[in-house]
Amino acid sequence: MSDISKIMIMMRKAPYGTIYSFEGLESVLIMGAYEQDITIIFVDDGVYSIKKGMDTSAAGIKDFSPTFRVLEMYDIEKLYVDKESMEARGLTADDLIVGAEVVDTETITKLMEEQDVVLPF
Amino acid sequence: MLHLVNRSPYVSTSLDSCVKFAKKGSPILLIEDAVYGAMAGTALEKKMESIMKDFTVYALKEDLLARGVTNVIAGIKEVDYTGFVELIEEHKPTTWT
């Protein structure tokens, strides 16, 4: 068995209301360090994790979204966004802080089936 | 792939997202609060029956019992912890939480 696993991180939660989104990002960084084949997908409220224009300074919480932009440095380049989730929230690809590929439901189903592991956050 | 859903369908979109993205024909196992979706005679029964046309739906017996859900929608398969393990052995699992 290969040491490299195909791992999908499925981001389904908004960034600050729960710890899921932050933990998902942490997991990506850890697994990236072990040179695994990482795919990140943003669906449902997960798309809010990569929305432009967040300013958390007044709320007194940390904006961890800039980290999504440096994942390329960890050779993590497979980022996808669910088209329906994005459009339902009034967002377009231009509203996102990363150049994630916008894909339809069928593509996501196919991507999921190709993985060794799908981890939900 | 085995799709585990653990949130009540009355408060969460977990089941909806599962059904949206899961490959047709896949097994869906309702556990924890998701088993409320398996109860017959509810506002969600028709939706569950529609889901069952595309997926094999299971509900975890121990969680049904714990919540007093005894009238399960016909066609939903009840599995116990042993059955849960058997499903995991057959399919790669993921969770919709």
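Helices (DSSP runs of H or I with at least four residues) and strands (DSSP runs of E with at least two) are numbered from the N terminus. By this definition chain A contains four helices and five strands, and from the N terminus on these elements follow one another as β-α-β-α-β-α-β-α-β. The structure is a predicted model, in which local features need pLDDT of at least 70 and side-chain atom pairs count only at pLDDT 80 or more, whereas totals for chains, interfaces and linings use all residues. Residues are numbered from 1 along each chain as its sequence is written, chains are lettered from A and ligands numbered from 1 in the order in which they are written, and side-chain values use heavy atoms, with hydrogens and water left out.

The model scores ipTM 0.89 and pTM 0.93. For chain B the average pLDDT is 97, and 100% of the residues score at least 70, where pLDDT is the predictor's confidence in each residue on a scale from 0 to 100.

The radius of gyration, taken over C-alpha atoms, can be set against the globule rule, which is 2.2 Å times the number of residues to the power 0.38. Chain A, for which the C-alpha trace spans about 50 × 30 × 25 Å along its principal axes, has four helices and five strands, and its radius of gyration of 14 Å is close to the 14 Å that the rule gives for 121 residues, so chain A is as compact as a globular protein of that length. Chain B likewise holds four helices and five strands, running β-α-β-α-β-α-β-α-β from the N terminus on. The radius of gyration of chain B is 12 Å, close to the 13 Å given by the rule for 97 residues, so chain B too is as compact as a globular protein of that length; the C-alpha trace of chain B spans about 30 × 30 × 20 Å along its principal axes.

Between the chains, 18 residues of chain A are in contact with 17 residues of chain B, contact meaning heavy atoms within 4.5 Å. The area buried between chain A and chain B is about 1,400 Å², and carbon and sulfur atoms give 52% of this area; buried area is the accessible area (1.4 Å probe) that two parts lose on being put together, summed over both. R12(A), M112(A) and E113(A) supply 35% of the area that chain A buries against chain B, more than any other three residues.

A salt bridge is a side-chain nitrogen of Lys or Arg within 4 Å of a carboxyl oxygen of Asp or Glu. Over all chains 11 salt bridges are found, and across the interface of chain A and chain B the rule finds two. K20(B) forms a salt bridge with D82(A), with the closest N and O atoms 2.5 Å apart, and the side chains of K20(B) and E84(A) also meet in a salt bridge (3.2 Å, N to O). The latter pair crosses between chains, from K20(B) in helix 1 (residues 14-21) of chain B to E84(A) in helix 3 of chain A.
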